[in-house]
Amino acid sequence: MIDVPTLVEQARQGRPRAVARLISLVENAAPELREVMAALAPYAGRAYTVGLTGSPGVGKSTSTSALVSAYRRLGKRVGVLAVDPSSPFSGGALLGDRVRMQDHATDPEVFIRSMATRGHLGGLSWTAPQALRVLDAAGCDVILVETVGVGQSEVEIAAQADTTVVLLAPGMGDGIQAAKAGILEIGDLFVVNKADRDGADATARELNHMLGLGGPREPGDWRPPIVKTVAARGEGVDDVVEALEKHRAWLDEHGELAVRRRRRAADEIEAIALAALRARIGDLRGDRHLTTLAERVVAGELDPYGAADRLVAGLTAA
């Protein structure tokens, strides 16, 4: 039997084992999950969530590690949610990101967790919102969410973060990818990493040009800055933190932070409700009602839309 109140209290005290256990309950959709979320609700909503995305090889893990160091120098407690591809054998995370962040393994003010996507597209795990809430309630001032790195499908992070950072590197064709993929639309800040390589200035210029083509902006609108870094040496990372803090201040000033968080909560509620409905529909697969509707569609007595309406009516009436 899991003592949820005690576990939540220990997590709020910053005990890593308690935080890890709560996230495990989230990942495994444990029966105690509802109780956990209810217990965490009063303590969430304080952390600043930064999402980092970009194609494989641009240095997301190295950049994340460098940002952890920068925020720790500012005295911030930092949480890292590193979403790794699922192992095709065990279904677990491959832990590549965590291996690159060993410099922070002994710091009690840094909590790093790798999560498997478990087949979920969009660069995140489907349990990411609840895991973020655990880290938030555990007292993290800043939460860095590093996505898988799958390229064009990886825009879901924009719905989960207060600020989205898009990383690119010279010589990887990222500018062309950005133009195709909608990456320009989700980026609040662009970082050209590995800026010591040839072509870094050209990549930054191309990005700046494409941002200029993104349509007219109203006075006071946020224009995403472009920062060049060499994350492996820590160069330019303080400039990234400065740009992040400016964006956070802009979000607060224009009321956009509250708008984004309300949208995020609405998406989460909708996802949970849809999951519950899918589960109920799944239960109906062995039910005679669904079988009867299917038989009537096959026989031409009923169209699929009419059948679906009757199914939904049955679900909502139950």
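A charge counts as sitting over a ring if NZ of Lys or CZ of Arg is within 6 Å of the ring centre and within 35 degrees of the ring normal. I kept that beside me while going through this predicted model.

**Entry: a charge over a ring.** I found Arg 12 over the face of Tyr 43, at 3.7 Å from the ring centre.

**Entry: the overall chain.** I noted 13 helices and seven strands in the protein chain. It has 318 residues, and 45% of them count as buried. Then I checked contacts with a separation of 6 or more, and residues 24 or more positions apart account for 72% of them.

**Entry: helix α3.** Which residues of α3 (residues 33-40) are buried? I got Leu 33, Val 36, Met 37 and Leu 40. They sit on the same side of α3 because they cover an arc of only 95 degrees around the axis.

**Entry: aromatic rings.** I searched the whole structure and came away with one aromatic pair. Trp 222 and Trp 250 make up this tilted pair, 6.1 Å centre to centre with 50 degrees between the planes. Trp 222 is in the loop between α9 (200-212) and β7 (226-228), while Trp 250 is in helix α10 (residues 237-253), so I wrote down that the pair links distant parts of the chain, 28 residues apart. Are these two buried or exposed? Both Trp 222 and Trp 250 are buried.

Notes:
Residues are numbered from 1 along each chain as its sequence is written. This is a predicted model: local features need pLDDT of at least 70, side-chain atom pairs count only at pLDDT 80 or more; totals for chains, interfaces and linings use all residues. Side-chain values use heavy atoms; hydrogens and water are left out. Rings of Phe, Tyr and Trp (its six-membered ring) pair if their centres lie within 6.5 Å; planes under 30 degrees apart count as stacked, over 60 as edge-to-face and the rest as tilted. Helices (H or I, at least four residues) and strands (E, at least two) are DSSP runs, numbered from the N terminus. Buried means under 20% relative accessible area, exposed over 50%, partly exposed in between (1.4 Å probe, protein chains only). Contact means heavy atoms within 4.5 Å. The arc is that of the directions from the helix axis to the C-beta atoms.
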